[in-house]
Amino acid sequence: FLRAGLPYRGNLRVLKSILGDEFLWNNIRVKGGAYGCMCGFNRSGSGYFVSYRDPHLAETLAVYDQIPAYLESFEADDKKMLGYIIGVIGDMDHPQSPFTWGETSLSAWMCGLTEEMRQKERDSILACTDQDIRGLADHARAVLAPNQFCVVGNAGRIEEQKGLFAEIMPLIGTTAG
């Protein structure tokens, strides 16, 4: 999404929660029968949508394509938004052992992540509204735009849906010997 001129914002973490716990969960896990699903949007500008142990590849790709429209019409009252926000802040600011705190601090230092940047992210999360989520539809659209996906799975199932792929290759090659 950075290549599309869209900045990283803290409220992308709220978006991740909404999509992962609601939209993707309901449409890919509950209705589609996949074992699980997730998504993410990183400071580097990359984003991803994932399903695993998913019996319905084409249907899942169609669900991903619906994400921008879902976001454009997203509505949640203050109570619902507060629930998302509390969950995200809880994930960010959970208690850490000295070892984990050291790992987190080292990682932040190596990535150039300052306390000021972390506070700006927190402020964005704490102020997030459903209108802000609607405004992130272009971020999702930018992640989906390249139409690039990778599937690791049963060769027979992949072959059944080979029309979806530009290229199919085995993960483990065979060698003559």
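Helices, runs of at least four residues, and strands, runs of at least two, are taken from DSSP and are numbered from the N terminus. The legends below use these element names for a predicted model.

**View 1. Elements that line the largest pocket of the predicted model.** Four elements, namely strand E2 (47-52), helix H2 (57-72), helix H7 (137-144) and helix H8 (155-160), each contribute at least two residues to the lining of the largest pocket. Among the contributors, E2 gives the most to this lining, with six residues. The volume of the largest pocket is about 1,100 Å³, and of the 37 residues that line it, Phe49, Tyr64, Gln148, Phe149 and Cys150 are the closest to its centre. By class, the lining of the largest pocket consists of 20 nonpolar, 12 polar and five charged residues.

**View 2. The second largest pocket and its lining.** With a volume of about 490 Å³, this is the second largest pocket of the protein. Its lining is formed by 18 residues, of which Val151, Ile158, Glu167, Ile168 and Met169 are the closest to the centre. When these lining residues are sorted by class, 13 are nonpolar, three are polar and two are charged.

View 3. Tyr35, Met38, Tyr48 and Tyr52 together make a nonpolar surface patch of about 390 Å². One of these residues, Met38, is found in strand E1, which covers residues 36-41. The relative accessible area of Met38 is 37%, and Met38 is therefore classed as partly exposed, between the limits of 20% and 50%.

**View 4. Arg53, in the loop between E2 and H2.** The loop that joins strand E2 to helix H2 contains Arg53, whose phi is near 50 degrees, a positive value in a residue other than glycine.

**View 5. Asn147, in the loop between H7 and H8.** Asn147 is placed in the loop between helices H7 and H8, and its phi, near 55 degrees, is likewise a positive value in a residue other than glycine. With a relative accessibility of 56%, Asn147 also falls over the 50% limit and therefore counts as exposed.

**View 6. Thr100 in helix H4, shown with Leu61.** Thr100 has its place in helix H4, which covers residues 98-111. Its relative accessibility is 29%, a value between the limits of 20% and 50%, and Thr100 therefore counts as partly exposed. Along the chain Thr100 and Leu61 are 39 residues apart, and in the model their C-alpha atoms are separated by 36 Å.

**View 7. The whole chain, for orientation among the close-up views.** The protein has eight helices and two strands, and read along the sequence these elements follow the pattern α-β-β-α-α-α-α-α-α-α. The C-alpha trace spans about 55 × 45 × 30 Å along its principal axes. Of the 177 residues of the protein, 33% count as buried, that is, they have under 20% relative accessible area.

Conventions
Residues are numbered from 1 along each chain as its sequence is written. This is a predicted model: local features need pLDDT of at least 70, side-chain atom pairs count only at pLDDT 80 or more; totals for chains, interfaces and linings use all residues. Side-chain values use heavy atoms; hydrogens and water are left out. On a 1 Å grid over the protein atoms alone, a cavity is a set of points where a 1.4 Å probe fits but cannot get out, and a pocket is an open set with protein on both sides within 12 Å along at least five of seven lines; lining residues have an atom within 4 Å of a point. Grid points are joined across faces, edges and corners, and a volume is the space filled by probe spheres set on the points. Ala, Val, Leu, Ile, Met, Phe, Trp, Tyr, Cys and Pro count as nonpolar, Asp, Glu, Lys and Arg as charged, and the others, Gly among them, as polar. Patches are made of residues with over 30% relative accessible area and no salt bridge: like charges are joined within 9 Å, nonpolar side chains (Val, Leu, Ile, Met, Phe, Trp, Tyr) within 5 Å. Accessible areas come from the Shrake-Rupley method with a 1.4 Å probe; for residues, only the protein chains shown count as cover. A salt bridge is a side-chain nitrogen of Lys or Arg within 4 Å of a carboxyl oxygen of Asp or Glu. Buried means under 20% relative accessible area, exposed over 50%, partly exposed in between (1.4 Å probe, protein chains only).
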